[in-house]
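I opened my notebook to look through one protein structure. I wanted to see what sits inside and what touches what.

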Amino acid sequence: MEAFPIPPGTYKLGFIGAGKMAESIARGVVRSGILPASRISTSHSSPLRREAFESFGVRVLSKNEDVVEESDVVVFSVKPQVAKIVVLQLKPLLSKKKLLVSVAAGIKLKDLEEWAGSSRFIRVMPNTPAAVGEAASVSICMKGSIHMAFIHLVIMSLGGAATEEDGNLIAKLFGSVGKIWKADEKYFDAVTGLSGSGPAYLYLAIEALADGGVAAGLPRDLALGLASQTVLGAASMATITGKHPGQLKDDVTSPGGTTIAGIHELERGGFRGLLMNAVVAATKRSQELS
């Protein structure tokens, strides 16, 4: 089967959907130097969204069809409920020469491929911290009947076959906004429950920690700053050291000290179980939506 390689040094990137996620990805790509803004385009009727993209040099075209026609890599960054309509509308323009990517939550590859009439499709699932370049993205591709998922290394499907070059290109692209892991598509709902919804759980935890600081007598600004930095520092330690979080917890918990007193209260309140239940509940909801 004939392959149509995407030229890594000259390809153009187009976004169908010009929301916050598309903006975050585009900003990361430009900031990292992977692509100049002049080779990125999107389309939107809202002056505010047009201004957001134009502010860092991305070209905003008059309609989605124009974006597809001039792009080698097309990223569908639309709401899940309109994904089918949008892909079907653009289907006549989605040739096998184009590398198609979807970041629409809950939309499976088999459906994307059917709607587009092309199996050269990659599904990517970034979470909201992409806005600051610390996202965890999972992307998947289909190769024959095997579903493979990645979070920084993506393989693209081309008429039932996948090219490593496509995967490397998308891996580099999404590597500009976060870290990538490998996962089978069957795990995507659980990834949504943990990583996709996880930032909201942590925002709630940061808010609660700050409230605790205020209750203990700290000024609100100081409490919020300390809470945010504490969570960031703890996450960095877990990532950088590679130690089990239980070991890191033990390392800062002295016998009869302040930390074990606080942990005791968390355990009495079922802290671990609540977080586990939140992930499971979000996973179930993702399954329902997809």
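My entries follow, one topic at a time.

**Ground rules.** I am reading a predicted model, where local features need pLDDT of at least 70, side-chain atom pairs count only at pLDDT 80 or more, and totals for chains, interfaces and linings use all residues. I number residues from 1 along each chain as its sequence is written, and side-chain values use heavy atoms, with hydrogens and water left out.

**Entry: the annotated stretch.** I checked the UniProt record, an unreviewed entry. Its "binding site" annotation covers Ile16, Gly17, Ala18, Gly19, Lys20 and Met21. UniProt positions are given in the numbering used here, feature names are shortened, and annotations may be inferred rather than shown by experiment.

I looked up Ile16 next. I found Ile16 in strand β1, residues 13–16. Strands (E, at least two residues) and helices (H or I, at least four) are DSSP runs, numbered from the N terminus. Is Ile16 buried or exposed? Ile16 is buried, because its relative accessibility is 0%. Buried means under 20% relative accessible area, exposed means over 50%, and partly exposed is in between (1.4 Å probe, protein chains only). I then listed contacts, meaning heavy atoms within 4.5 Å. Leaving aside neighbours within four places in sequence, Ile16 contacts residues including Asn64, Val67, Phe76, Val86 and Leu90.

Gly17 sits in the loop between β1 and α1. Gly17 is buried too, at 16% relative accessible area. Gly17 touches Ala22, Thr42, Ser77 and Val78, not counting residues up to four places away in sequence.

**Entry: helix α1.** Helix α1 covers residues 20–32. I noted 13 residues and a reach of 18 Å from first C-alpha to last, close to the 18 Å expected at 1.5 Å a residue. The expected span is 1.5 Å times one less than the number of residues. Which residues of α1 are buried? They are Ala22, Glu23, Ser24, Ile25, Ala26, Gly28 and Val29. Their cover includes β1, β2, α2 and α6. Gly33 follows α1, and its phi is positive, near 85°.

**Entry: the cores.** A nonpolar core is a set of buried Ala, Val, Leu, Ile, Met, Phe, Trp, Tyr and Cys residues joined through side-chain atoms within 4.5 Å. The largest core has 29 residues, and Leu13, Val73, Ile170 and Phe174 touch the most other members. The elements giving two or more residues to this core are β1, α1, β4, β5, β6 and α6. I also found a second, separate core of 20 residues, with Val68, Ala83, Leu90 and Ala104 among them.

**Entry: aromatic pairs.** How many aromatic pairs does a search of the whole structure find? It finds two. Rings of Phe, Tyr and Trp (its six-membered ring) pair if their centres lie within 6.5 Å; planes under 30 degrees apart count as stacked, over 60 as edge-to-face and the rest as tilted. Phe53 and Phe56 form a tilted pair, 6.0 Å centre to centre with 35° between the planes. Phe53 is buried at 0%, and Phe56 at 15%.

Phe76 and Phe121 form a tilted pair as well, at 6.0 Å and 35°. Phe76 lies in β4 and Phe121 in β6, so this pair ties together parts 45 residues apart in sequence. Phe76 and Phe121 are buried.

**Entry: Arg123.** Arg123 is buried, with 3% relative accessible area. Its side chain reaches the backbone oxygen of Ile107 at 3.3 Å.

Technical notes. Polar contact = N/O pair within 3.5 Å; in protein donor to acceptor, adjacent residues only side chain to side chain.
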